[in-house]
Protein chains: 2
Amino acid sequence: MTAPAQTSATVPQPAYSPLFAAEIARAKSGVEASIRAGVHVPVPKDPGGGVTHEQHKRNYRTIFEGGQLYRLTGDVRYRDHVRDLLLAYADLYPKLGPHPAAANQVPGRLFWQSLNDSVFLVNAAQGYGAIRDTLPAADRTRIDDNMIRPMARFLSDGSPEVINRIHNHATWAAAGVGLSGYLLGDRDLVDKALLGLDKSGKAGFLRQLDLLFSPDGYYAEGPYYQRYALQPFVVFAAAIAAHDPDRKIFEHRDGIVLKAVRTAIEVTHDGNFLPLNDAMPDKSLRTEELYHAVAIAYAATKDPAFLSIADWQGRSVLTPAGQVMASDLAAGKAKPWPFASRLLGDGPDGEQGALVLLRTKPDPRGPLLVAKNSVQGMGHGHFDRLGWLYYDETGAVVTDYGAARFLNVEAKRGGRYLPENDSWASATVAHNTLVVDEQSHFAGNWKTGEKYPTQQLATALDGPTRYSIAEIGTAYKDVRFRRALLLLDVPGLANPLTLDLLRASSGTKHRYDLPLHFSGHIIDNDIAFTRNLAERPVLGKANGYQHLWVDGEGTKAGKARLTWMQGSRFYSYHMLPPAGARFIVAESGANDPEFNLRREPALIQRLDGAADATFVSLLEPHGEYDASSEAVVASSARVTALEHRREGAADLILVTLVDGRRFAVAVADDVAAGIKHSVTVDGRALAWTGPVGRFDLAKTGAKK
Amino acid sequence: MTAPAQTSATVPQPAYSPLFAAEIARAKSGVEASIRAGVHVPVPKDPGGGVTHEQHKRNYRTIFEGGQLYRLTGDVRYRDHVRDLLLAYADLYPKLGPHPAAANQVPGRLFWQSLNDSVFLVNAAQGYGAIRDTLPAADRTRIDDNMIRPMARFLSDGSPEVINRIHNHATWAAAGVGLSGYLLGDRDLVDKALLGLDKSGKAGFLRQLDLLFSPDGYYAEGPYYQRYALQPFVVFAAAIAAHDPDRKIFEHRDGIVLKAVRTAIEVTHDGNFLPLNDAMPDKSLRTEELYHAVAIAYAATKDPAFLSIADWQGRSVLTPAGQVMASDLAAGKAKPWPFASRLLGDGPDGEQGALVLLRTKPDPRGPLLVAKNSVQGMGHGHFDRLGWLYYDETGAVVTDYGAARFLNVEAKRGGRYLPENDSWASATVAHNTLVVDEQSHFAGNWKTGEKYPTQQLATALDGPTRYSIAEIGTAYKDVRFRRALLLLDVPGLANPLTLDLLRASSGTKHRYDLPLHFSGHIIDNDIAFTRNLAERPVLGKANGYQHLWVDGEGTKAGKARLTWMQGSRFYSYHMLPPAGARFIVAESGANDPEFNLRREPALIQRLDGAADATFVSLLEPHGEYDASSEAVVASSARVTALEHRREGAADLILVTLVDGRRFAVAVADDVAAGIKHSVTVDGRALAWTGPVGRFDLAKTGAKK
């Protein structure tokens, strides 16, 4: 030991804010348990969720937290335990080859995928950094030379196939390598982390910042991975700002790091990340990555809206940034996060399609219509161009399955992505968009999909008629389809309506399927279904269709309706598909030998043998069910009629409410902003400018 | 008007506690809205959930709350609105015949079932009582003679088939009639309410108190109806105490009214009523009935534990009792409710079986094993003798479907019980108990079931080995079965184990099915299942079997295991069925033409062609999944072996844990308390006294 023994009890402790005090208590509890358990650095053996995997995860957390606790308390027991752990790794690490449980990812040394090794190093470098100066030179040398540097070398020079990619795994590697470089004063490591192994800038952290985020701070792989990627971006950025202030990293690319944090907060509903692409549906802002991101972003901006996010998280981090944030939160400086509609351009230039978020209230739990008009999202992308989702106070209403995976549950194939992730979760039919001839978009090839953007044609983020119009002609060989999704505030209706106009055109005839995946219990419908009551077949043979049980098929002339209930609310889905269409009620879960799939309902509008097709659909949330008082209001739909007319170069949709009120929404083919359009309805001329017009019409006799 | 105009603004308002102030604000908001909307007393037309139904419900709430607000504030606008509503009813009521939407219940006048008319009168009499003295004689006479008295006469003399029953509908009727009698000074009505129409005491409120509750305060129909029935019992009891103090109603039958309130609180988990018999699964202590019950019980006892329930409810009632309770809660007088294990005898004498609640902690969300060894529960009873349920911090784990009903949702058959309530929800196979030859208990005839109690043989409520042993020989013609359910605290295991020993015996051979209905997603199992992956048949033709889809059937020699995950926890169900048994994985929802059923998993242990059978099963909660930190611990079971031996006149079950520890549980045939038993295991003599013994055995080699 280099210093006289000191314990927490002998060091005067400053008065911490409640949130920060809780972080310290939490960390103490974990680190003290680790001290009691002793140093356990097992030879790596198990895949995700296994014993050695979880032990090494615990260890990097102990190293990080123990280091911070030593910095905050001066208690040498924390420092010594961190040192002992690091020395044990210094003994073990040089002996390790590729992890024995490596599967289809690049193998690490400590973990079954090198990604986890990177995460280990990001944490270990920070924890070590907090104690390194107080260690005797011999210890420092052993840890530097037998552990930190070899790990950083393994994750840089030793893994060019990882660190030179433009991918979140490369960001974690760059952060681990770069933090190690700053810690050891090793400029070579820092430069390789920042600029790629050849230091040309064609790879590395800066290039990742330029290519992985769109100018709006949207991360190519989607919200779930945006969250995951965020931690190395912000942690390494904070280190760069401290060590290389001249780089002005927080100003890089118009402040892209902070935009990325803000956008990560925006792509949530009620704090939960939208489960686009490969995503676990239970991920929220209450994750380690966001605790760090919010603390660092607040330190860099002092924007009090970040404090309200920290308040919702109920957490901070042990760093100085976390300490300041928790203190300002306790001082009452928080302001609500201003949730609003967003058009998030996708791709490095922001022109490769977009993710559109339409909200009617700043409430994080309020209505949210999501139009997924982005690009593929690399290997974790799903085949769901022009897909949509809907959320409101009851949660997810029009849903995305997310990923087929039980993260870190060893019995579920080691916690990795399951076979059904390819066969179901990423397939087009598992999403709320057009499927042609039972094939996924881009024939299910993500590398093809990566080449073709979606065209975001027009967007309106405010006012009573918010909308997104987008188109794609490359998802199928000879089919082009365009979709207008409109979120309509209607006076007298408590909840907004979602209007969906989807037009497909082709030179040849096809089967067109338009699925809707929803959450809730079916209440009733007006479709003449032939039900499979006592024997249940599957819908198809491949591309996800093999996973759908068919509950029934039916037809309905004119507008059809399906009503379901979720939580305290009813939802009526009104459909006006092309003539000759059928309706299929289905449920996921067929051909699932390992019980890997959740069983969730879907409704499919199907048209066979058509070249062109227009699907008009309207989602109407209504009514209220109160289990406590047993009061039910408006369990039947307020929308009584839905008409569609093709008028010149525009689509006209007429909606009638139960009180006789009518309104029309016109969507022009020409999406240019300043163009004037005019159509005649029931003898009345309707004129508007731009892609979308909306009109109140004369009241009809009220129906009951 | 008889008094000068006064408004809230002119009357000094006392300082109310927050809870009571919130009640006043809530009531004002509702009553003011009603004042603005004007008097709407429509001619009755619609069934439950319909427009006239909901309007009359709103009106009785307005009458009740408006009366209380007038009493509290002296604002005559409240009084006048209540008076106007009552006068409108006085005009309408005499013209009404049976309700046009009457179905299979006794029709009311204002509502489709007379039960709702009773609820109306209970509320209206209280609201009217708060303003009656201030009204001119002419108004009083009109309301007394054209509304209150005719309603009370209709619900008494006019409905002998209701009020003379021993049933919750009769209690509501008696309360309405009795409150009206006190209000009008009409002793005839009071006596008929208390003693039945012939005033003999063979029917009426006092007889209901004697027959509907067991000596432990358990209500024959089960928790859901216990809640529902409670309000008229406590409200009428409070009125009797005020008007007829000599009756000492709160001391009647050893304080049965207050016992009933306490027991209603006990038959919950995390505040939710156990969904036994016909029950909506979303009912909690947060209901109007319990707000009244808790306020009245607190007023009668001043037991501070009631205050913690009120705190959880977050509600009070507008009465003086509610005001005092809210004030004492605000003064910090609350104490936690002492949740504990309970043996609730069933039947008027407490000897007709029992509901057994085994808890390991006072925490309302803690582990709870429920053994349903009660009697039938009248027409709302299910055929589930010796059934069980399990709850813990993740919610319902081993589940009861409850009722097949969407309360007050008009599209679901007017909100009434659905056909699937008989065909599925009440059937034996929909429960966690033995089914013989695919028949429900008592051949599905509740009147037969009502005649035959269950024998509660032995119970231990405390210590590390809590248990219930019960038996029934009347559910099937020639099969007798006995079940021991044990809740075992095991050192080193974070959660208790549930051990289930079920023995059936018969003179002839049968098919024995033992279903387990559970909540969660299947993780894995060690059973060789033949799966119905692409076409799904149903399990049977009748008695609920027609509603079960078959996902697969399989076998396993020795102990079999199925593991599922719910919330953050894993559950392994270990089974040691008789030799030759098969396992069936199934799901509810087949033969459901109107989408009335929820789709929930079940596992069935099936033995064919046996006269005697012993099923040994063990439920093991284990591990933790943390979505936020992505940490998973103990996703595999800690129990590695389960053995069963028949030793003399006892069953011996041996459990081995992953660390090699072993313990034995012995269950003697002779359930008498003082009897000494002894068996020999591996050369060691195990001796115990009473029905159950438990022993730690020598450790075996630890397995991993």
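## The interface

Together, chain B and chain A bury about 4600 Å² between them, with 51% of it on carbon and sulfur atoms. Buried area here is the accessible area (1.4 Å probe) that two parts lose on being put together, summed over both. This is a predicted model: local features need pLDDT of at least 70, side-chain atom pairs count only at pLDDT 80 or more, and totals for chains, interfaces and linings use all residues. Residues are numbered from 1 along each chain as its sequence is written, chains are lettered from A in the order in which they are written, and side-chain values use heavy atoms, with hydrogens and water left out.

On chain B, 57 residues are in contact (heavy atoms within 4.5 Å) with 57 residues of chain A. Of the interface residues of chain B, 96% are also interface residues in chain A, so the copies meet through the same surface. Four salt bridges are counted between chain B and chain A. A salt bridge is a side-chain nitrogen of Lys or Arg within 4 Å of a carboxyl oxygen of Asp or Glu. A:Glu587 and B:Arg599 are joined by a salt bridge, at 3.2 Å from N to O.

## How the copies are related

Two copies of a chain are related by a rotation about an axis and a shift along it. Here, a rotation of 180 degrees with 0.0 Å of shift along its axis puts chain B on chain A, with an RMSD of 0.0 Å. The two copies are thus related as by a two-fold rotation axis. The superposition is by least squares on the C-alpha atoms of residues with pLDDT of at least 70 in both.

Which residue of chain B comes closest to the rotation axis? B:Arg536 does, with its C-alpha at 2.5 Å.

## A bent helix

Helices (H or I, at least four residues) and strands (E, at least two) are DSSP runs, numbered from the N terminus. Helix H10 of chain B covers residues 223-243. Its 21 residues should span 30 Å at 1.5 Å a residue, and its end C-alpha atoms are 30 Å apart, which agrees. The expected span is 1.5 Å times one less than the number of residues.

H10(B) bends by about 35 degrees at B:Ala229. The bend is the angle between axes fitted to the seven residues ending there and the seven starting there. A proline, B:Pro232, follows within four residues. H10(B) is mostly covered, as 17 of its 21 residues are buried. Buried means under 20% relative accessible area, exposed over 50%, and partly exposed in between (1.4 Å probe, protein chains only).

## Salt bridges in chain A

Over all chains, the structure holds 114 salt bridges. One of them joins A:Asp188 and A:Arg153, at 2.9 Å from N to O. A:Asp188 lies in helix H8 (residues 187-195) of chain A and A:Arg153 in helix H5 (residues 137-155) of chain A, so the pair ties together parts that are 35 residues apart in sequence. A:Asp188 is partly exposed, at 22% relative accessibility. A:Lys192 also forms a salt bridge with A:Asp188, with the closest N and O atoms 3.2 Å apart. These two residues are four apart in helix H8 of chain A, about one helical turn. A:Asp188, A:Arg153 and A:Lys192 belong to a network of salt bridges that includes A:Asp145 and A:Lys199.

## Positive phi values

B:Asn408 has a phi near 65 degrees, a positive value in a residue other than glycine. B:Asn408 is buried, at 9% relative accessibility. B:Phe595 is not a glycine either, and its phi is about 55 degrees. B:Phe595 is found in the loop between strand S20 (582-588) and strand S21 (601-610) of chain B.
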